[in-house]
Amino acid sequence: MGDWSDYRHWHSASSLLAVFAILLLNPWAKGEVPKADFYVSLEGNDAWSGRLPAPTGDRTDGPFATLERAQEAVRTLRRELSQPREIRVLLRGGVYRIAKPITFSPEDSGSEQAPVVYAAYPGEKPVISGAVEIKRWEPIQGTPLWRAVLPELPPSVNEVRQLFINGRRATVARTPNEGQTFRTAGPAKNYPRTEAARRDVETRIAFFFQEGQINDWPDRHQAVAVVYHSWTSSRHKIAHVDFKNRLLRFTATSRWPMGWWERNQRYYVEGIREALDAPGEWYLDQAAHQILYWPRDNENMSTVCAEAPVVQEILRVEGSPETGRPVAYLRFEGLSFSHTDWRMPEAEPVDGQAASFLTTAALHFRGARYCQLIRCEIAHTGSYALWFDRGTKYCRAEQCHLFDLGAGGVRIGEDVLPKEPELQASNNEVYNCFIHDGGKVYHGAVGVLIGQSSHNRVAHCEICDFFYTGVSVGWSWGYAPSSANHNIIEFNHIHHLGWGELSDMGGVYTLGISPGTIIRGNIIHDILSYDYGGWGLYTDEGSSYILLEKNLVYRVKDGAFHQHYGRENLVRNNILALSATYAQVRRTREEGHISFTLEGNIFFSRGVPMLGGAWSNGNFRLQNNLYWDEKGEPKFPGGLSFAEWQARGFDAGSIVADPKFVNISAYDFRLAEDSPAWKLGFEPLELNKAGLVGPEEWRTLPLQVGRPRLRLPGEE
């Protein structure tokens, strides 16, 4: 897979890339400074008028010092205006540190003709940070470590859980070190594989460890054990250690029984002094109220910028849609939001698919309407970056850069659909955003998560470098009534997922009955699961009535398309290629209805069967497809040849022929003019449309990302 430490190093340091983007993409950088109603500056004073971009010479007037004061001024101005108009607040460059979220309420709203805009001052980068600075580092004699006393923290914070050095995420002291894991000695309680066992607390709260893994650490009350399941990882505080029997018991359960997916499952422990043994690691000494850090080779502790997040949310937009008072028509442009914390409860599970159990996000919109984030940056988070939550409709994130994320990128909707339409999140859009480098704390988080929410659109985004799924759509298991429909996932570039850490993932993953949902024009590649899975397009758990068309999927571990079970999905005009194991298409469950139609697709393989799984009941439709295996005769279910497969009544109009890609060795999947696919009615894929759009500096920003090669099974 390459040098994993190098991969993590680059991504943690990617704030340099963010600075590059903000400076180049500011549309005012080379033009005249537009006028504003109010200005905010680190040199400002909340007692001033806020009407000037800089202090006067005698320092009797100038900009405000805080965004909160600007909010008050905007409210007053809106009341005083005889004719509504746009109100604009410009923030000067620099880091604005906050100790509590900045909250916008219905009183802060604008209107369609007169929005309220908070924007970056031309050519400058204002950063709203939820971190405190840690200064005055001193070396610890005889060791490579440095220490610093924690500054005064907000009353709600009794510990810090993250440290960033020069914009780079430091690693909490852990054992074994990053990129390695322990193996348990098995679950603490033997159990049959039943639903009753899954509900049993005792199967989910303890396991046996192997000799030498867990020691009698004096600070084990600080320790957090991170346990891998299949598509999730759980976090646990330690309640008790039985060293004689090597039994580790936690204060709270996981969602899955220990050993359910793998008897000797993987785990690691972080947050203990003994594990502080490598450059880039840090440790919180709670008793001494100080931080210990082992610097990397290029870090000068006399000059570093060390930051510890202390707030869980930076911006909170809180409306009251149930009373007809949403927050509406707010726009944030060119702002950077950085550094949020995460909390570790004692008695609650910290585990769940897509990290959906989280209740916060760096930017949290509830009851919002027609609000926008344009060219903003959200980075160095402890949780999700952005959440369009309950009652949020017609909101949009456009050309935003989200990276170095404790959980995922964007979350839309909730796990449970509110009964009242005004409380349902819907009709939101994530457009032209670069979302990468996530799952740093909650490994099962995803790039974009759409829960029980409908009529949303995710388009022209680049989503990469998560340990689980790229885009997850829907939150209903089986054939329950639809709670997520008419969602559009189109023209995204989704790649480099899994990295061999979790399982059961997809580039685009769907759940439940989803009429009107369309997944089209996406390019999906380089997906590597730990165990099973690693699919490109993945219709799971009752996914139904979904159209998947004109996608390119290649270089995945197991199946460019996989359907667990569902009804009447239409998979047409896709290129599904180069699954490394099992099959190009996998069908898991046979049911009494039509599972899907595979129509007009190109399947390309190198010795891997075309179709794998359960294909005996015939409740599927295949027609007008093109199959090609570079290594010989294509393989079909039951070991059948293509002629034998067709003789059973399947794949009418389909052929075996070389599709004649322009350059398959360079993954150029354009078709030559004489490709036999054209005669089948194949329509060309618009490959140049997928991914970011706009200025060249923005479109090429992902090329700045360096990573090792993701090696699939069978590759050298």
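**View 1. Cys464 and its bridge partners in the predicted model.** In this predicted model, Cys464 stands opposite His495 of strand S43. Cys464, in strand S40, is also the bridge partner of His436.

**View 2. Strand S40 and its pairing with S37 and S43.** Strand S40 spans residues 462–466 and is mostly covered, with five of its five residues buried. Strand S43 (residues 493–497) runs parallel to S40, and four bridges join the two. The pairing of S40 with strand S37 (residues 434–436) is likewise in the parallel sense, over three bridges. Strands of a sheet pair through backbone hydrogen bonds, in either a parallel or an antiparallel arrangement.

**View 3. The open sheet of five strands.** The strands follow the order S8-S9-S22-S21-S12, and their pairing is mixed. Strand S8 (138–139) and strand S12 (171–172) stand at the edges; each has a single partner strand, so one side of each is left without a neighbour in the sheet.

View 4. Strand S12 runs parallel to strand S21 (residues 281–285), to which two bridges join it. Val172 has Trp282 of S21 as its bridge partner.

View 5. For the protein chain, the average pLDDT is 95, and 95% of the residues score at least 70.

Conventions
Residues are numbered from 1 along each chain as its sequence is written. This is a predicted model: local features need pLDDT of at least 70, side-chain atom pairs count only at pLDDT 80 or more; totals for chains, interfaces and linings use all residues. Side-chain values use heavy atoms; hydrogens and water are left out. pLDDT is the predictor's confidence in each residue, from 0 to 100. Two strands pair if DSSP finds at least two bridges between them. Buried means under 20% relative accessible area, exposed over 50%, partly exposed in between (1.4 Å probe, protein chains only).
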